[in-house]
Amino acid sequence: MSHQIKGVGKLDTAYDGSNLKIGIVHARWNSTVIDALIKGAVEKLKAFGVKESNIVVSSVPGSYELPFGTKVLAESKEGPFDALISIGVLIKGETMHFEYISESVSHSLMKLQFDINKPVIFGLLTCLTEEQALARAGVVEGSHNHGEDWGAAAVEMAIKHNA
Ligand SMILES: O=Nc1c(NC[C@H](O)[C@H](O)[C@H](O)CO)[nH]c(=O)[nH]c1=O
């Protein structure tokens, strides 16, 4: 019998997101996948009770701009936010561009949380092929949309940070 090992595990749907304000910053590269990821995250946020009027969505050109774009939104008049979700899709090309962006953006988003003292959910897909990206946005039949996990993580971390 195969055991389901990978995955976020049981979501604690007990979290009440009705008083949370969440910011989503997304890159515009690979927009078919981006749009699906945003949809998954927003639907999960609303499933946890986050009001649509408390979900602010902003975009940046590409994933390299996610750290600064997330900081800008976090510190803008649109806030204050209880958590932010940074969404990007990197697909490996022929050069080392992918590696340098993946590495710098992941470290920067991790550091940003502590700089702004707010949860920043890591929504960067780092894919070797377009098929991998589509399969992680729930676009492929039967595949799971990772945007949903990011929405759930934003609610949980916001509530734990506010406690
Ligand atoms: O190259 N591929 C990608 C990409 N490049 C642009 C980069 O993020 C940035 O916007 C520019 O370098 C300008 O600073 N951005 C992505 O989100 N995904 C990719 O797959």
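Contact here means heavy atoms within 4.5 Å. Helices (H or I, at least four residues) and strands (E, at least two) are DSSP runs, numbered from the N terminus. Axes are lines fitted to C-alpha atoms, for helices over the stretch in contact, and angles run from 0 to 180 degrees between N-to-C directions.

The model is predicted: local features need pLDDT of at least 70, side-chain atom pairs count only at pLDDT 80 or more, and totals for chains, interfaces and linings use all residues. Residues are numbered from 1 along each chain as its sequence is written, and side-chain values use heavy atoms, with hydrogens and water left out.

**Stop 1: the sheet**

Select the four strands. They form an open sheet in the order β2-β1-β3-β4, with parallel pairing. Two strands pair if DSSP finds at least two bridges between them. Look to the edges: β2 (55-60) and β4 (120-127) each pair on one side only. On average, neighbouring strands are turned by 15° against each other, direction ignored.

Now pick β1, residues 22-27. Six bridges join β1 to β2, and the two run parallel. Click V25: opposite stands S58 in β2. Next, I24 has V57 in β2 as its bridge partner. From β1 the chain passes through α1 to β2, a right-handed β-α-β crossover. Right-handed means that, with the strands pointing away from the viewer, the path from the first strand over the helix to the second runs clockwise.

**Stop 2: helix α2 on the sheet**

Select α2, residues 66-74. This helix lies across β1, β2, β3 and β4, running at about 150° to β1.

**Stop 3: α2 against α3**

Angles under 35 degrees count as roughly parallel, over 145 as roughly antiparallel, 65 to 115 as roughly perpendicular and the rest as oblique. The crossing of α2 and α3 is right-handed. A crossing is right-handed if the near helix is turned clockwise from the far one by less than a right angle, and left-handed if anticlockwise.

Show the side chains. L66, P67, T70, K71 and A74 of α2 meet V105, S108, L109, L112 and I116 of α3. By class, this contact has seven nonpolar residues, two polar and one charged. Ala, Val, Leu, Ile, Met, Phe, Trp, Tyr, Cys and Pro count as nonpolar, Asp, Glu, Lys and Arg as charged, and the others, Gly among them, as polar.

**Stop 4: α1 against α5**

Switch to α1 (residues 31-47) and α5 (residues 146-162), which pack at about 40° with axes 7 Å apart. That angle makes α1 oblique to α5. The crossing of α1 and α5 is right-handed. From α1, select L37, G40, A41, K44 and L45; they meet H146, G147, E148, W150, G151, A152, A154 and V155 in α5. The contact of α1 with α5 divides into seven nonpolar, four polar and two charged residues.

**Stop 5: two loop residues**

Go to the loop between β1 and α1, where N30 is found. Phi of N30 is near 60°, a positive value in a residue other than glycine. Finish in the loop between α2 and β3, at P80. The peptide bond from G79 to P80 is cis, with omega near 0°.
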